[in-house]
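Me: I have a model open and some terms to check. Please tie each one to its definition.

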Protein chains: 2
Amino acid sequence: MMRLLKMIAFLLLPVLLTAQHPVTFFTKTEAAEVKRNLFRYPLLTQSYKDIRSEVDTWIGKDIDVPFPKDPAGGYTHDKHKYNYTLIFNSGILYNLTGDIKYARLVKEVLLKYAALNPTLKNHPQATSSSPGRIFWQALNDANWLVYAGMAYDLVYNSLSTAERKTIEEGAFKPEVDFITKDLQTWFDLIHNHGVWACAGVGIVGIASGNQEYVDMALYGTKKDGKSGFIALMDGLFSPDGYYTEGPYYTRYAILPFYLFATALDHARPSLKIFEYRNRILQKALVSGLQQTNLDGAFFALNDALKEKDYTSNELVTAINTAWAIYGKDSGLLVVAEKQGRVLLNKGGVSIAAAIASAKTVTPFYPYRTVEYTVGGKGDEGGVSLLRNGKEKNLTTLIYKYTSHGLSHGHYDKLSYNLYDKGNEILTDYGAVRFIGIEQKYGGRYLPETKGYAAQTIAHNTMVVDERSHFDGKESVAEKFHSEKLFSSVNNPAVQVVAAKEENAYKGVKLQRTVYMITLPEGRKLLADIFTTTATEEHQYDLPFHYNGQLISTSVKYNPYTMKLETLGSKNGYQFLWKEAEAIAADTLVQLTFLNDRTYYTVSSLVQGQAQVFFTRSGANDPDFNLRHEPAMIIRKKSLSPSFISVTEIHGNFDPILEFSTNSYASVKEIKLLQRDEQYTVAELSVNDKKLIIAQVNKDFDDTKVHTASGLSWTGPFVVLFDGKKLN
Amino acid sequence: MMRLLKMIAFLLLPVLLTAQHPVTFFTKTEAAEVKRNLFRYPLLTQSYKDIRSEVDTWIGKDIDVPFPKDPAGGYTHDKHKYNYTLIFNSGILYNLTGDIKYARLVKEVLLKYAALNPTLKNHPQATSSSPGRIFWQALNDANWLVYAGMAYDLVYNSLSTAERKTIEEGAFKPEVDFITKDLQTWFDLIHNHGVWACAGVGIVGIASGNQEYVDMALYGTKKDGKSGFIALMDGLFSPDGYYTEGPYYTRYAILPFYLFATALDHARPSLKIFEYRNRILQKALVSGLQQTNLDGAFFALNDALKEKDYTSNELVTAINTAWAIYGKDSGLLVVAEKQGRVLLNKGGVSIAAAIASAKTVTPFYPYRTVEYTVGGKGDEGGVSLLRNGKEKNLTTLIYKYTSHGLSHGHYDKLSYNLYDKGNEILTDYGAVRFIGIEQKYGGRYLPETKGYAAQTIAHNTMVVDERSHFDGKESVAEKFHSEKLFSSVNNPAVQVVAAKEENAYKGVKLQRTVYMITLPEGRKLLADIFTTTATEEHQYDLPFHYNGQLISTSVKYNPYTMKLETLGSKNGYQFLWKEAEAIAADTLVQLTFLNDRTYYTVSSLVQGQAQVFFTRSGANDPDFNLRHEPAMIIRKKSLSPSFISVTEIHGNFDPILEFSTNSYASVKEIKLLQRDEQYTVAELSVNDKKLIIAQVNKDFDDTKVHTASGLSWTGPFVVLFDGKKLN
């Protein structure tokens with residue numbers, strides 16, 4: 001209700017577009033401040049020199065603005081992409097040096113676009129539902145609008161009225177008309193594309209004093225506030241800043257959010273855009289950074305390329321801006337130092353100054369255990385990042401019980417991934433795409449993304465009857481979300497999150513509780529109680545996708561040495577080679593693998609009979625697009641089986657000294673003492689001691705007293721080690 | 001002749017074993033020098049503190065000397081290994097601190113061994129032809145003798161005569177007797193095991209004043225100089241220092257060479273052991289270092305584990321010793337700094353001082369193009385390391401035309417490997433072994449080493465009729481070696497090496513010339529002219545084992561998407577999955593792959609018809625021991641086909657900026673203009689320019705003038721680019 005009131009207040013605000021330029025990337029005052037400090041701080045100086053030496057190579061040259069032809073990675077694509085960065089940078093240099101040659105470069109390029117753009121039809125390589133004109137997809141055209149819009153604003157003062165008219169009507173209007181009219185539905189979408197589209201149109205609007213553009217950008221083409229930038233700020237983030245498409249796309253969307261907000265902050269300060277929704281843009285940045293690995297790579301939830309990290313340009317922009325707007329933050333400084341460059345704005349000046357005077361910057365971002373809700377109202381499930389360990393020894397468990405995550409979402413309800421010591425241990429495939437490589441389908445998403453990477457079997461969660469969650473239908477998946485049952489994350493000895501998913505399969509309820517436990521002697525265990533409740537018998541597959549060298553397994557398997565076949569024929573199964581399989585009965589299935597210098601053992605209880613598969617991705621890959629990654633999959637056929645599993649982090653391997661310590665698992669046995677509607681109680685033998693985990697399944701009241709399996713405790717769970725309560 | 005005379009001179013030298021102790025690791029004077037400097041240089045201080053804090057944890061404790069039971073990686077193995085390092089370090093500390101507790105620790109442990117060793121029979125896990133007693137193999141017992149011998153010497157002065165007798169007769173004599181009598185043949189072998197065995201017996205001999213031991217160590221059990229340490233120095237190194245088993249074993253053998261030499265230098269200075277064979281031990285160290293990658297990892301020729309680098313303890317010892325003996329060397333300083341620790345001897349003091357006073361140490365070892373001969377006389381083929389590029393941009397081609405390399409040799413005549421920018425690009429599998437991991441067959445070599453890694457098909461060289469060179473028989477392979485025909489390595493624009501192999505297959509002669517070419521614009525090409533001469537038709541397979549993501553290929557192939565089979569059934573072929581195959585006719589077969597941020601394209605000419613296979617290792621691997629690595633294999637069935645191939649290093653991929661540059665190969669066509677008994681002439685179209693390579697096949701006189709294919713040149717080859725001579 002408050003939000004609605006606020007939005008209406010926005011709509012009623014008088015739209016006063018200031019006539020002063022520049023007004024998008026920075027203002028005249030800010031430019032002067034940057035100029036004053038250019039040679040005071042090494043990082044600022046270097047960033048300035050880098051831009052200047054790059055732009056200077058083009059001064060006096062005829063810059064090609066080719067007729068669009070190639071997909072991503074091809075010449076015309078890369079050239080147009082290069083051009084918009086070039087004119088943006090040249091525009092900045094014009095303001096910092098006053099040298100007209102930089103303004104002239106921008107003008108000449110924009111005039112070429114003014115001649116080109118009116119002639120364009122849909123790009124010949126357009127394959128998506130949102131075709132571009134300069135580029136193969138409209139998203140890239142929106143990127144172009146953002147940067148070309150800022151470039152135009154940056155040299156606005158140097159242009160004649162006629163030149164302005166030519167550029168505004170030739171370069172910008174056809175593009176703005178195209179994406180707001182031809183692609184109206186797309187423009188109004190609540191999705192990262194929409195953020196870019198609104199930012200592009202809005203920045204061009206501010207740069208050219210076009211109120212219509214700015215209004216459409218803020219409130220959607222219908223100007224009803226149901227779409228547009230404000231609606232995107234409401235709809236794409238949860239109240240605590242989780243971006244609904246996941247961390248990889250946080251990175252991508254945060255740039256237009258911050259750039260357009262900056263322009264709005266200058267042009268329409270009364271909007272107080274950076275304060276909107278209790279500083280939602282600050283929360284978005286921090287939540288994005290919390291969702292990175294020690295090396296800065298974004299966690300690979302949903303469609304994600306693993307090489308992307310927080311040194312990307314998008315994060316440079318966001319961090320430099322946030323620093324200026326929200327104030328200094330030692331966490332941001334860690335990232336800024338690794339980025340090794342700053343924007344030439346006031347945030348950049350301040351960060352460069354802070355780094356110059358900092359004695360030491362700590363080596364890692366200040367990661368901590370965090371739990372995010374999902375959805376505009378925060379009521380669409382969530383994601384918990386359980387963390388434990390200092391600096392390089394950080395362990396992170398990412399437990400995902402979110403809503404689907406729009407078109408880049410995966411069918412991975414209740415899945416988790418494990419990172420340890422900066423390495424991905426239990427993995428999420430991410431996406432199948434070679435961005436920026438023309439030979440690989442123009443850098444687009446490859447069919448194996450939807451075919452394999454998005455399917456449930458590609459994740460560490462339950463697959464029932466070899467079908468993906470929601471049968472892999474986005475339209476259905478978008479209607480539901482998992483639900484957190486309880487969590488307790490304040491005691492480093494035991495962090496626990498429980499969630500359930502009741503809609504992924506008809507007739508099967510899934511419930512999973514994960515415990516990150518540190519034993520008194522320091523050993524870390526991840527305990528996983530995954531229960532199913534069904535009305536009929538089904539086939540349940542629980543994969544453990546692991547990253548490492550198989551060292552040993554307790555399973556007597558039949559290896560396929562001379563011939564390989566796929567594990568299945570659809571829903572992602574056709575992408576897995578079956579390297580070995582086994583029958584296990586009433587036993588502990590154990591798999592020990594080595595990653596870098598640490599051993600990991602997955603131990604999982606099998607009551608009755610189960611099949612165990614050792615698989616590797618890479619089948620059905622005619623274009624050699626997939627990585628070849630191993631998994632162990634435990635298959636149970638029964639009514640409502642439980643999967644009680646423990647992943648243990650243990651030991652050390654020193655290849656130089658040729659020594660191993662603690663290379664064997666300490667978990668020797670798992671017993672399921674009780675499992676009924678009310679309680680699940682598991683007992684683990686850890687060497688010669690007992691670890692007992694008892695939890696309630698339905699009544700999560702913190703104060704309620706429970707008795708089960710001879711134990712008595714208060715609240716939703718208890719963890720006992722050697723007879724002593726750990727939590 | 002000179003060598004023989006020298007050896008006889010050695011034999012005639014009066015054997016004067018000095019009675020002063022310590023005399024092995026360092027002398028009393030040297031110990032005093034170390035003590036004086038202990039707290040002057042940070043690296044020395046730290047190294048001292050590390051050792052002291054490690055040893056101090058054991059002072060006053062009862063140290064277990066268990067009855068031998070486990071293989072490598074198991075408790076008793078690791079404990080005995082730990083013990084010998086511990087007593088060695090404790091002995092050093094006794095000399096540096098004078099604190100008797102350190103001597104007492106050594107004494108107590110050695111007395112336990114004096115009780116244990118006489119009771120030992122062959123180790124229960126012994127599987128090799130040289131079983132051990134304390135360990136599963138005699139090699140490890142020799143390691144024990146080296147360190148225990150030094151430890152004994154270091155505390156000799158603190159022991160009573162009775163204690164000395166107990167230790168010498170109980171701890172050492174059974175071991176020395178065992179390896180010099182029971183394992184006499186093994187002890188006398190010219191092999192890295194022999195180096196350790198001689199060093200062990202020799203050091204014990206020096207430590208205990210036992211001339212018999214020292215003589216056996218120096219001249220073999222028969223004391224005829226045909227085996228023993230001097231014979232090993234003669235036989236295992238070529239005159240320029242190449243160690244016959246390859247760089248991985250250089251690392252391993254260099255330690256006992258340097259340790260025993262140090263002890264001899266103290267005990268028998270008249271031997272001038274460090275000067276022997278024109279300072280062969282210095283040459284050995286330098287050649288070992290030249291055979292490392294930018295990251296310090298030893299090139300994976302023959303049996304080799306890729307994780308081994310020059311920071312290993314063996315190299316710390318060698319470098320610290322060489323520094324003291326042969327003088328300061330800025331190259332060694334680079335390595336010493338990366339090692340991050342020094343020995344507590346005079347070399348360690350001096351290196352720590354040099355590092356403390358050095359302003360900057362260059363980031364990489366001073367790699368250069370080098371060519372090594374192989375064999376004691378340097379007449380058993382060789383290996384050329386062609387290098388090009390500065391610092392991080394270093395490219396290294398390793399072309400191997402050696403003799404077999406003893407029991408760890410591979411069947412890989414005329415094979416090459418390519419490293420670029422610190423990454424392995426065209427690869428050698430190395431060996432299949434998980435050293436220090438008990439679960440993997442006690443850390444021993446795994447059957448896949450001989451089954452796959454040693455076979456010809458696992459290397460980038462020609463396989464005829466699916467049989468390995470010399471039919472994979474070591475006894476046959478040991479009789480032959482390849483032969484260098486000519487080389488020219490002084491012009492960085494064109495470096496070339498030609499070699500031939502006429503014994504690997506009956507009736508087939510192999511000849512391969514490799515060119516590392518830098519075009520005027522900077523592009524690097526590796527051209528490879530591999531010709532065969534046979535009397536009958538054969539099947540010829542030329543593999544390119546590559547490390548990277550397949551980006552594209554010119555070949556229209558049939559992929560095996562739902563079922564995989566192996567490429568063959570024996571000689572290593574059974575370990576390769578056939579992922580795709582193709583028929584190529586009169587065309588250029590091209591494969592572009594991406595490694596890290598650089599593109600690489602292999603282009604190979606097919607005249608007539610060929611088959612092309614895309615394979616991956618990992619078949620027939622029931623224990624999950626193999627890595628899954630891709631290869632492209634070109635198969636020609638004809639009388640005497642030529643394989644003209646070019647590997648091009650090109651372009652750049654920036655995953656953060658999502659840009660690729662030069663991602664397409666510039667080689668568009670290859671023509672074989674001439675190939676006859678006298679000449680081979682190839683013409684490559686590099687974009688719109690011609691690169692012509694003309695070479696003679698038989699008469700390699702540097703001054704001879706040749707005319708072929710309309711070209712005229714002097715010497716064994718000419719390379720022309722765009723009409724201009726490059727070489």
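Me: What makes β1-β2-β3-β4-β5 of chain A an open sheet?
Reply: In this predicted model, five strands of chain A pair in the order β1-β2-β3-β4-β5, antiparallel. The edge strands are β1 (370–373) and β5 (423–426) of chain A, and each pairs on one side only. Strands are DSSP runs of E, at least two residues, numbered from the N terminus. From one strand to the next the twist averages 20°; axes are lines fitted to C-alpha atoms, and angles run from 0 to 180 degrees between N-to-C directions.

Me: How do you know that β4 (residues 415–420) and β5 of chain A pair?
Reply: Pairing needs at least two bridges found by DSSP. Three bridges join β4(A) to β5(A), so the two strands pair, and they run antiparallel. A:Leu418 has A:Leu426 in β5(A) as its bridge partner.

Me: Why do β14 of chain A and β14 (residues 563–566) of chain B count as paired?
Reply: Three bridges join them, against a cut-off of at least two, so they pair. They run antiparallel. A:Lys563 stands opposite B:Glu565 in β14(B).

Me: How are residues and chains labelled, and which residues count?
Reply: Residues are numbered from 1 along each chain as its sequence is written, while chains are lettered from A and ligands numbered from 1 in the order written. Local features need pLDDT of at least 70, side-chain atom pairs count only at pLDDT 80 or more, and totals for chains, interfaces and linings use all residues.

Methods. Helices (H or I, at least four residues) and strands (E, at least two) are DSSP runs, numbered from the N terminus.
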